[in-house]
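Please read the points in order, with the model in view.

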Amino acid sequence: MLVAVAVLVIAEAGAASQLAWLGAGVAALLMVAGMVAESPAPVHAAVAVLGVVFLARQDSRLLLAPLYGAGLLLMDDLAIRTMELSGVGQIAPDVIAARLAATIAVAAIGACLSAVAALAVTAGVSRSVALTVVGALAAVAAFVAIAVLVRRRFGSSAADPHPASPPPAPQAQPSTDETT
Amino acid sequence: MNGSLAPRTPGVLALAGAGLIAALATGRPELALIAVPFLVFAGAGLVLVREPQVTGAVELERVRVLEGEELTATVRVRNDGPEPVEVEVAPARTAQLAVVPAGTVAVRVGAQSEIEVAFSLRPRRWGAHGIGPVAIRARDALGMTNWEGRLGERVDLRAFPSEERLRELVAPLRTQPFLGTHVARARAEGIEFADIRPFQVGDRVRQVNWRATARRGSLQVNQRHPEHSSDVVLLLDTFEEARDEASGTLDSAVRTAASLARAHLGQRDRVGVVDFGGTLHWLEPAFGTTQLYRIVDALISSNIAFSYAWRNVDSLPQRVLPPGALILVITPLLDERSIALVSELRRRGCDLTVVEVSPLDHVPPGPTAADAVAYELWRLQREALRAHLQALGIAVAVWRPGGTLGPALEEVNAFRRSAQPALRA
């Protein structure tokens with residue numbers, strides 16, 4: 001997935017191809033580090049690097065950005081999912097299929113919404129301070145809405161720092177029954 | 001169930017936010033377009049999430065097994081919620097309980113449905129193993145939240161010690177007046193011929209020995225030894241044990257005690273158990289299969305309890321050590337208190353045999369030359385102790401874990417035969 005995404009950029013990078021190669025290499029290293037350490041942070045960093053590298057592409061950036069974003073999301077999800085299931089001894093086949101289907105569906109919806117946004121961008125509206133403020137407010141509003149939702153569901157608890165590990169199994173204790 | 005955000009969630013939100021902010025800051029809309037799928041993913045994951053309504057139970061194929069025997073544990077997971085949920089099931093694992101599959105098991109439970117997850121359990125050591133409650137982790141469809149909880153109640157799995165079939169047992173010096181399989185010293189009705197004596201009033205005609213009568217010219221009758229049972233008390237020393245990573249002397253001692261209990265009960269002896277250590281437990285001698293189960297249940301509850309308390313024979317109620325009982329002390333001979341107890345019992349004239357569960361295999365010598373010398377000294381010290389006990393008239397059988405008990409018991413019987421006049425004194 002990473003290779004496919006990287007090739008999409010490098011193929012049309014033109015003069016910035018060296019930069020694209022470098023970005024793809026760094027992303028690959030981060031991805032490997034994340035998988036080995038079973039930590040999601042390097043994986044997200046790899047995705048961020050590939051997102052920035054997309055700017056090296058010389059043409060058709062607006063057209064491809066929704067697909068590229070959906071591809072990055074799929075890559076991120078697959079990597080995280082692999083880490084989550086690495087400690088699992090036995091996996092029912094429908095677990096992977098259902099999760100993959102859900103991610104692909106959401107990525108497709110995201111790509112469609114992104115494409116709509118791309119159409120709006122190509123409508124020729126010139127950049128202005130007012131529009132920038134509106135955009136910033138919309139982004140902030142989206143995050144506030146999500147934060148409120150999370151607070152309502154989970155209270156003030158933060159994310160579990162080690163949830164990729166298996167659920168904490170209770171310890172079996174030898175019986176202390178006494179026979180007299 | 002306790003809900004929390006999955007570790008990936010902040011990362012996804014951060015990617016979406018960073019993309020939007022970078023797009024606004026640099027005026028490059030492509031970055032915002034890349035971020036939109038991440039924003040949709042995070043929003044959908046967090047908006048649609050609901051606490052999963054997962055319930056369940058833990059069931060065992062059976063609650064009593066022999067150590068090393070496999071059985072199946074079934075975890076029933078029921079989803080009462082309106083949406084399918086992904087659940088990871090993780091049963092308890094200990095060094096003494098092997099669970100297959102080794103990791104957790106991930107399953108998907110449909111809405112309003114139930115599934116069964118089977119685990120294979122194998123207790124590596126005798127004892128009571130608590131199975132359940134089982135830890136579970138449920139995830140929403142996009143994996144943005146985790147819900148952790150426990151399913152079911154604790155079920156006790158009792159693993160009985162594996163037993164060795166013994167062909168020969170320690171013959172008791174004294175028997176009890178109950179029908180059994182040991183030839184008593186007394187003379188009465190029985191099978192084993194004892195002696196001939198002159199006829200007395202009340203003797204039955206079938207007891208008359210006609211050949212002897214013809215030879216002596218007066219009526220002579222046969223005397224016989226009756227077959228009686230005996231009382232056997234298994235005294236398990238739980239003051240100290242030598243243990244390595246895999247096993248310890250207590251493990252072997254309990255297996256030995258279980259083997260001896262089964263064999264003696266099979267010979268219609270009354271068998272009792274005393275767990276003599278930091279804590280004191282006992283079972284009074286009794287007959288039968290029920291007693292065997294009681295003994296095994298008592299044995300698998302044995303453990304080493306550290307204590308400074310000095311215990312001796314007076315700590316035991318008199319009814320636990322019936323007069324004339326054969327006392328089999330199963331001990332690693334590591335604690336002064338148990339050695340003193342053995343000596344004290346012998347001084348009181350008890351019929352005593354020591355089965356020494358050798359700790360040598362569990363304690364390897366150290367790496368240096370001085371360690372090797374110390375180890376050799378310790379080994380010689382143990383031999384001297386054994387010789388001292390034998391000088392007191394106590395038969396000592398050394399049993400090394402992994403070997404069979406039969407030869408050790410034969411050795412004991414040989415010692416007891418040669419030392420019988422002294423033992424009876």
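1. A:V88 has B:T104, a residue of β7(B), as its bridge partner. The two strands concerned, β1(A) and β7 (residues 104-109) of chain B, pair in the parallel sense over three bridges; strands are said to pair if DSSP finds at least two bridges between them. Helices (H or I, at least four residues) and strands (E, at least two) are DSSP runs, numbered from the N terminus.

2. On provenance, this is a predicted model, in which local features need pLDDT of at least 70 and side-chain atom pairs count only at pLDDT 80 or more, while totals for chains, interfaces and linings use all residues. Residues are numbered from 1 along each chain as its sequence is written, and chains are lettered from A and ligands numbered from 1 in the order in which they are written.

3. The contact between the chains takes 75 residues from chain A and 78 residues from chain B, where contact requires C-beta atoms, placed from the backbone, to lie within 7 Å. On the side of chain A that touches chain B, at least two residues each come from α3 (40-53), α4 (61-84), β1 (88-91), α5 (93-121) and α6 (129-154) of chain A. The largest share, 16 residues, belongs to α5(A).

4. Helix α4 of chain B (residues 249-266) has 18 residues, which at 1.5 Å a residue should span 26 Å; its end C-alpha atoms are 26 Å apart, in agreement. The expected span is 1.5 Å times one less than the number of residues. Because 15 of its 18 residues are buried, α4(B) is largely enclosed by the rest of the structure. A residue is buried if 20 or more other C-beta atoms lie within 10 Å of its own, exposed if 12 or fewer, and partly exposed in between, with C-beta atoms placed from the backbone. Just after this helix, B:R268 takes a positive phi of about 65 degrees.

5. The largest nonpolar core has 82 residues, of which B:L234, B:A257, B:I327 and B:L328 touch the most other members. Such a core is a set of buried Ala, Val, Leu, Ile, Met, Phe, Trp, Tyr and Cys residues joined through C-beta atoms within 7 Å. With nine residues, α4(B) gives the most to this core. Domain 2 (54-160) and domain 4 (229-424) of chain B both contribute residues, so the core lies between them; the domain bounds come from an automatic or database domain assignment.

Note on methods:
Contact = placed C-beta atoms within 7 Å.
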